[in-house]
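Open your viewer and get ready to click along.

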Amino acid sequence: MLVGYSSSSEEENEAATAQNKSCSRQCREEDDGEGDCPARKKAKTEEHVPKTRLPLPGCLLAMFPEDVDPQAEDGTLHGGRIRSFKHERGNWATYVYLPYHPEEEFRDLLEELLSVAKAHGVPLSSQEEFHLSLSQTVVLRHHWIQPFTQSLRAGLVHCKRFVCSAGRLRVYCNAERTRTFLGMEVCTGHAQLLNLVQAVDRTMTEFRLDTFYEDPSFHVSLAWCVGDMTGQMEECMKKLQSVVDEHEDGPFLLRLDCVELRCRTGNKTFCFPLER
């Protein structure tokens with residue numbers, strides 16, 4: 001009986017040892033294949049974790065102006081408008097202007113002008129904001145912005161506030177012939193506007209940038225369209241001007257209170273109040 005009991009125990013031990021070896025071999029095979037070994041699963045999960053790069057700070061991106069944002073050159077993102085110069089990081093489109101804050105009467109008039117132009121085959125779009133330009137659009141490097149605006153402020157310190165008005169419609173087209181504008185030309189305040197331009201031009205010259213036009217036609221742009229539509233616009237100018245002259249309460253006169261200049265450079269706007 002003792003012999004039989006001993007034999008049975010040895011058989012059970014041998015069976016357990018074989019089972020352990022089989023399990024070890026199975027795990028080794030799963031490590032080499034695609035089994036369900038928990039350790040292997042964890043390793044596979046770690047291998048498939050995507051590596052994401054942290055974005056560079058804007059100040060570093062500005063150091064490499066040759067990097068161009070492809071969306072900035074896509075005209076379909078800007079209503080078909082095309083830039084006058086290539087967009088590059090670190091270059092800031094900059095211009096100086098007097099803002100115009102329209103009243104309801106002006107907006108009603110503009111809607112009527114757009115309707116008349118459309119009836120004559122000219123699809124005009126209203127300006128998003130209204131202003132009177134005192135400079136061309138120039139390019140500033142980012143590190144020029146502070147000294148440029150400081151120079152502007154110093155040059156305008158003795159310029160006084162005034163009022164100018166506009167009432168005559170005129171067609172304008174940019175130098176590249178890519179956009180046509182309907183503007184309202186200034187009829188009073190021309191001399192004071194020239195004084196402001198002289199102050200702005202001094203800063204432009206200091207930074208070796210283009211000065212304003214030699215014989216400027218000061219105006220507030222009302223609407224625009226893509227391409228050179230000068231001919232089509234001129235054909236309906238008499239009708240458009242009659243809308244202005246035969247306004248409900250008499251000829252419409254745009255009044256611009258010139259109390260501060262503004263300089264927009266990129267997405268920044270600087271204000272320069274004029275002396276009382």
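This is a predicted model: local features need pLDDT of at least 70, side-chain atom pairs count only at pLDDT 80 or more; totals for chains, interfaces and linings use all residues.

Switch to the cartoon view, and you can trace eight helices and ten strands. Now show contacts between residues at least 6 apart in sequence: 77% of them join residues at least 24 apart.

**Stop 1**

Rolling a probe the size of a water molecule over the atoms shows where empty space is left. Head for the second largest pocket, with a volume of about 320 Å³. To find its centre, select Tyr100, His101, Glu103, Arg255 and Asp257, the closest to it of the 17 lining residues.

Then colour the elements around this pocket. Strand E1 (91-100), helix H4, strand E8 (254-258) and strand E9 (260-265) each supply at least two residues of the lining. Which element gives the most to the lining? Select E8, and you have the answer: E8 contributes five residues. Colouring the lining by residue type gives ten nonpolar, one polar and six charged.

**Stop 2: Pro123**

Next, select Pro123, in the loop between helix H4 (104-119) and strand E2 (125-126). Is Pro123 buried or exposed? Pro123 counts as exposed because its relative accessibility is 54%, and the cut-off is over 50%.

Trp224 lies 101 residues from Pro123 along the chain, yet their C-alpha atoms are separated by 8.4 Å. Leaving aside neighbours within four places in sequence, Pro123 is in contact with Trp224, Cys225 and Met229.

**Stop 3: the cysteines**

A disulfide is a covalent bond between the sulfur atoms of two cysteines. How many disulfides does a search of the whole structure find? The search finds zero.

Click on Cys173 to see one case: the nearest cysteine sulfur, that of Cys225, is 8.4 Å away, and Cys173 is in no disulfide. Cys173 is partly exposed, with a relative accessible area of 21%.

Key
Residues are numbered from 1 along each chain as its sequence is written. Side-chain values use heavy atoms; hydrogens and water are left out. Helices (H or I, at least four residues) and strands (E, at least two) are DSSP runs, numbered from the N terminus. Buried means under 20% relative accessible area, exposed over 50%, partly exposed in between (1.4 Å probe, protein chains only). Contact means heavy atoms within 4.5 Å. On a 1 Å grid over the protein atoms alone, a cavity is a set of points where a 1.4 Å probe fits but cannot get out, and a pocket is an open set with protein on both sides within 12 Å along at least five of seven lines; lining residues have an atom within 4 Å of a point. Grid points are joined across faces, edges and corners, and a volume is the space filled by probe spheres set on the points. Ala, Val, Leu, Ile, Met, Phe, Trp, Tyr, Cys and Pro count as nonpolar, Asp, Glu, Lys and Arg as charged, and the others, Gly among them, as polar. A disulfide is a pair of cysteine sulfur atoms within 2.5 Å.
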